Amino acid sequence: MTATTAIGAGLNRIEAAAKVTGAARYAGEIPLDGHAYGSVVQSTIARGQVTMIDADAVLARPGVLAVLTHDNAPRLHRADDTDAELLVLQDDRVRYRGQAVALVIAETLEQARAGAELLDVTYQPEDHDVVFAADHPRLYAPEHVNPNYPTDTSVGDVDAALASAAIVVDATYSTPAEHNNPMEPHAAIAQWDGDRLTVYDSNQGATSVRQALTTLFGLADGAVRVLSEHVGGGFGAKGSTRPHAVLAAMGARFTERPIRVTLTRQQMFAMVGYRTPTIQHMRLGADADATLVALEHTAYSQTSQVLEFAEQTALISRLMYAAPNLRTRHRVVALDVPTPRWMRAPGEAPGSFALESAMDELATACGVDPIELRVRNEPSVEPDSGLPFSSRNLIACLHEGAERFGWASRDPRPGVRRDGRWLIGTGVASSTYPARSAPSTAAATALADGSFVVEITASDIGTGARTALTQIAADELRAPTERVEVRIGDSDFGQAMIAGGSMGTASWSWAIAKACRELLHTLHEIGTVPPEGVTAHADTAEDIKAQAQLSRHAFGAQFAEVRVDVDTGEVRVPRLCGVFAAGRIINAKTGRSQLIGGMTMGIGMALLEEGVMDPQFGDYVNHDLASYHVPVNGDVHDIDVSWIDEHDDRLNPVGVKGIGEIGIVGTAAALANAVWHATGHRHRHLPIRPDRVLTSLA
Amino acid sequence: MRQFGYERPEYAADAVALAERPEVRYLAGGTNLVDLMKLGVETPDLLVDVSALPYEFVQEDLDGLVRIGAGVRNSDLAAHALIRSRYPVLAQAVLAGASGQLRNMATVGGNLLQRTRCVYFQDVSKPCNKRMPGSGCPARKGDHHNLAILGASDQCIATNPSDMAVALTALDAVVHVQDHAGPHEVPLAELYRLPGSDPQRETTLAPGALITAVDLPTLPFARRSRYRKARERASYSFAIGSVAAALDVEGDVVRDVRLAFGAVAPVPWRARTAEAALVGGPVNEEAFRAAAEAELAAAEPLRDNAYKVPLITNLVVRTLAELAAGS
Ligand SMILES: Cc1cc2nc3c(=O)[nH]c(=O)nc-3n(C[C@H](O)[C@H](O)[C@H](O)COP(=O)(O)OP(=O)(O)OC[C@H]3O[C@@H](n4cnc5c(N)ncnc54)[C@H](O)[C@@H]3O)c2cc1C
Ligand code: SF4
């Protein structure tokens with residue numbers, strides 16, 4: 001391993017000045033000569049058929065260039081793995097409310113939007129089914145859950161173990177639909193040059209968008225270029241190609257002009273994915289000494305009629321605690337709703353709410369401290385698979401967090417601490433997230449002036465990835481960061497992992513390290529850099545295939561203090577404390593921000609966020625940021641984030657586990673456990689809104 | 001967004017003349033109107049910007065009456081020394097609303113006439129009796145967890161979202177209006193209408209009426225007044241229940257009281273039944289609770305908003321108790 005100087009430092013974001021001065025351009029701001037605007041028309045029924053679209057009146061309006069519908073839109077090609085959600089305007093079926101049924105294209109954004117508002121669409125509606133329930137008659141077991149895990153697992157005999165367990169916790173938890181709301185709405189501008197397509201798009205991975213567009217438009221490899229230099233957040237909603245990019249490309253083909261499509265905030269609630277609601281049935285059995293004898297986690301979630309999306313909600317229970325009898329199950333139901341997608345820590349975020357709440361209930365039932373319960377049930381290998389862990393420092397995180405938070409003096413009794421009109425409580429929960437790497441390619445070039453350029457189709461969605469990758473490349477090249485330029489967000493740099501699954505840095509750093517090492521090797525051989533420079537390429541596909549089978553996960557512990565107003569049921573969060581064991585932290589500043597951001601989003605999940613489905617219409621009715629509440633500054637007080645110095649050399653060359661998601665895992669449970677400790681009432685349904693708290697206090 | 005014209009007159013008479021047609025809207029801070037235009041809920045063909053009119057003043061006359069111009073920004077109102085010292089309930093209510101940026105733009109006139117936040121009202125793809133008379137009220141069966149428990153009708157259960165208006169209602173504010181018939185005054189309590197069978201009519205104002213100022217009558221005991229707002233997040237969200245209160249205590253008897261509720265009715269709700277129950281009565285939590293309960297006896301909660309009854313009751317008890325303790 002090379003000596004590190006840049007890695008670990010709290011380097012400021014390299015593009016910070018460009019961003020705060022407005023010089024950094026986002027997809028929706030890229031000006032292309034002669035471009036026009038497309039505005040999406042969404043269906044106003046949840047299920048049925050478009051019987052007529054009368055475009056004449058709209059086409060007659062000033063500035064309107066075209067109205068694309070299923071009648072005249074370019075035909076798209078599909079492959080086996082094509083995301084059916086991208087087959088926009090291909091037929092007259094309406095499969096959910098908010099589906100794109102037309103694109104109005106005009107000279108100005110205002111003209112396009114006015115046209116879209118006025119477009120006359122006639123439907124033949126059919127009865128829709130949009131109500132998610134754990135007893136829905138059409139629930140089924142999917143073939144696998146995301147991304148490719150077994151649907152059900154079973155070790156031992158859970159039923160027998162529960163029947164003879166001294167203590168049993170049997171409880172059902174639920175989480176609502178939650179909507180990714182990155183600051184930058186989805187946007188793309190597309191331009192054709194013959195059969196070559198260039199798209200500036202807001203996404204978490206330009207090569208995956210390139211791949212999808214190549215297939216959809218039946219183009220030759222290399223004919224599509226996707227550029228995403230700056231992206232204003234994604235939280236998973238930009239993890240795959242979204243319909244706006246396809247519509248922009250279709251519009252551009254149809255009008256033979258560059259077309260920009262930007263979604264409105266309201267449109268995002270139906271068109272970019274969201275976290276499925278879940279219902280989770282937990283059964284935990286323990287001996288009198290608080291040793292788990294059985295753990296069962298049954299998770300229900302919804303998917304759409306367009307394609308199957310099976311959230312891996314119960315995955316977390318397969319690895320967290322040493323239960324000799326362990327069963328997990330997933331069931332989904334396809335409703336007439338928009339397709340749920342990835343949202344920060346898919347699976348683990350809702351799953352941890354149920355598991356870590358149930359563990360808290362078990363600790364109470366057993367009369368042991370919740371940290372002690374977790375210590376007693378710490379597994380030596382992954383309970384479900386029997387695989388060894390590459391590293392597992394959960395207990396160290398719990399102990400370190402307990403120290404920082406001041407857990408030792410906690411009185412376990414609920415509902416007894418009061419400060420004026422406030423009830424006070426504290427809670428704890430564990431966090432975890434898989435640490436995986438995926439194949440990526442990179443190129444490293446040495447220039448004659450002694451500087452270096454690294455190219456990789458990485459994506460910086462505001463996380464600081466560009467900066468972290470510069471630090472990694474600089475250390476590998478034994479050069480100061482100022483001499484290393486890392487170029488990202490251009491699909492022409494070759495295939496690479498998306499910024500998703502907390503796998504970005506773990507995957508890209510591998511390819512970069514490999515390319516840089518290769519380059520140093522070449523430089524060593526040739527002595528001096530030729531005037532045209534010298535480049536080394538790397539592809540990690542084989543390296544990743546050759547990885548040993550291990551259970552690789554990051555772990556963490558989260559502590560929360562809440563104050564509950566007895567008069568209003570309002571919950572406030574004066575303190576959160578998170579301690580994480582996530583391998584090597586590349587940039588102390590942006591890394592801390594990621595974890596704080598995850599925990600802040602956890603506050604939203606616990607207390608605020610809830611997409612309200614209206615069965616009358618079949619959509620999430622609170623589709624804007626005034627009615628869908630995410631935390632604001634006033635909701636966020638002290639967040640103490642730290643990490644354990646963890647060296648795991650069985651991950652990837654740089655020793656990275658990924659930190660994008662683990663911050664939100666466990667936060668909601670820690671808060672719910674704290675609300676229980678404050679009030680004596682267990683909230684098994686999120687979010688813990690004032691009306692629900694007040695009703696429980698009555 | 002559709003095409004519209006824009007005028008910025010300097011005289012009220014010109015503004016009123018321009019605004020006579022139903023397709024015209026006054027534009028103040030624009031923080032509500034422009035949003036509704038983007039949503040297609042409001043489709044004016046002409047905006048008459050009122051920001052050049054001479055209504056950015058807060059002044060006191062010889063009798064101690066305080067007059068606030070309709071163009072005063074919410075931030076300036078909340079920060080004004082006269083308001084903070086004499087009518088703290090008003091300063092607190094304004095500060096409890098929206099966000100710093102919005103309050104810098106929002107005006108007194110615009111705040112009074114902001115529209116309901118009912119999600120169906122704001123979505124033109126759905127029916128709504130207020131937006132499209134006779135089309136139905138989906139909120140009744142749908143999402144109404146923050147809609148009315150008092151004063152609603154079969155036709156509409158929307159709530160008035162303003163915090164400021166709740167404080168003004170408690171203070172017996174009087175609104176100065178100019179319309180085609182000339183200038184006149186309307187007590188705030190008579191400005192708003194209950195929905196009844198025509199929820200699209202929210203005020204008693206004539207079409208094109210311009211709000212020019214709001215008067216605060218002298219109310220010495222309002223120096224001891226408070227606004228308490230409950231909401232789903234700590235800041236930047238509308239009330240799920242709020243109480244504006246001023247209390248005048250002599251010995252252990254309530255001499256006078258003003259009480260109004262927010263986020264429970266289509267209008268800022270003056271709690272006259274509770275006030276009557278309190279005046280002359282003892283200064284204790286039992287009496288406060290009984291008064292709140294008397295007011296809320298008329299409540300007709302729906303499936304998801306029954307929590308507002310205990311919420312408002314608790315807020316009344318707490319706010320009055322705190323005012324009493326401070327006196
Ligand atoms: C995200 C968000 C959160 C908010 N949170 C809160 C909150 O918590 N509490 C709260 O009380 N408010 C809240 N608001 C609403 C805010 O207070 C109002 O939008 C604002 O007060 C409106 O004032 P304005 O000057 O911008 O009015 P405009 O938007 O300009 O106008 C509003 C209406 O009043 C009419 N109008 C304006 N001036 C006059 C006049 N002089 N005479 C006659 N008619 C006139 C207009 O024609 C229009 O119909 C929030 C708003 C937003 C966007
Ligand atoms: S409550 Fe009123 S505003 Fe809301 S949908 Fe019903 S009629 Fe419309």
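Q: Where does ligand 1 lie?
A: Ligand 1 lies between chains A and B. This is a predicted model, in which local features need pLDDT of at least 70 and side-chain atom pairs count only at pLDDT 80 or more, while totals for chains, interfaces and linings use all residues. Residues are numbered from 1 along each chain as its sequence is written, and chains are lettered from A and ligands numbered from 1 in the order in which they are written.

Q: Which residues come nearest to ligand 1?
A: Of the 32 residues around ligand 1, those that come nearest are Gly29(B), Gly97(B), Gly109(B), Gly110(B) and Asn111(B); a residue counts as near if its C-beta atom, placed from the backbone, lies within 6 Å of the molecule.

Q: And what is that shell made of, nonpolar, polar or charged?
A: The shell around ligand 1 has 17 nonpolar, twelve polar and three charged residues, where Ala, Val, Leu, Ile, Met, Phe, Trp, Tyr, Cys and Pro count as nonpolar, Asp, Glu, Lys and Arg as charged, and the others, Gly among them, as polar.

Q: Why does it lie between two domains of chain B?
A: Ligand 1 lies between domain 1 (5–49) and domain 2 (55–327) of chain B because both give residues to its shell; the domain bounds come from an automatic or database domain assignment.

Q: Changing topic, how many residues does the contact take from chain A and from chain B?
A: The contact takes 31 residues from chain A and 26 from chain B, two residues being in contact if their C-beta atoms, placed from the backbone, lie within 7 Å. On the side of chain A that touches chain B, eleven residues are nonpolar, nine polar and eleven charged.
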